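Reader: Could you walk me through this model, starting with the terms you rely on?

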Amino acid sequence: MPTVVRGSHRTTGHTITEQFHAFDARTPHVYCALERLAALRLAAGATRDGMNDLFEDLRRELPHGVAGLNNNFTALYVRKLIDGHPPWAGAFELRRRRAA
């Protein structure tokens with residue numbers, strides 16, 4: 001049995017970051033939709049936003065959901081949004097990540 005490292009998925013042995021990159025590569029439309037939702041909220045005057053709220057809106061928006069959209073990916077998606085849109089940095093709270 002493979003050794004499970006802290007922060008890895010119990011069944012695959014892949015870290016959250018590895019799982020995120022694989023999911024993001026398979027489903028680029030998810031990032032585009034999160035980017036669109038964040039832009040709409042910020043353009044409407046929001047000064048703070050939460051990735052959990054964006055995830056829930058995305059799940060409601062897509063009729064069959066998004067298979068594999070894991071809440072563990074919120075921190076990675078918010079960092080990707082900020083990397084792509086540096087002025088949005090103040091709109092999202094970033095916390096130190098504990099897991100890889």
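Author: Gladly! Buried means under 20% relative accessible area, exposed over 50%, and partly exposed in between, with a 1.4 Å probe and protein chains only. This is a predicted model, where local features need pLDDT of at least 70, side-chain atom pairs count only at pLDDT 80 or more, and totals for chains, interfaces and linings use all residues. Residues are numbered from 1 along each chain as its sequence is written, and side-chain values use heavy atoms, leaving out hydrogens and water.

Reader: Is F23 buried or exposed?

Author: F23 is found in helix α1, residues 16-26; helices are DSSP runs of H or I with at least four residues, numbered from the N terminus. Its relative accessibility is 1%, so F23 counts as buried.

Reader: Which residues is F23 in contact with, leaving aside its neighbours within four places in sequence?

Author: Contact means heavy atoms within 4.5 Å. With those neighbours set aside, the partners of F23 are V30, V66, A67, G68, L69, F73 and Y77.

Reader: How are α3 and α4 oriented to each other?

Author: Axes are lines fitted to C-alpha atoms, for helices over the stretch in contact, and angles run from 0 to 180 degrees between N-to-C directions. The axes of α3 (residues 51-61) and α4 (residues 74-84) come within 9 Å and cross at roughly 100 degrees. Angles under 35 degrees count as roughly parallel, over 145 as roughly antiparallel, 65 to 115 as roughly perpendicular and the rest as oblique. The two helices α3 and α4 are therefore roughly perpendicular.

Reader: Which residues of α3 and α4 make the contact?

Author: On the α4 side, T74, Y77, V78 and L81 take part. From α3 come M51, N52 and F55.
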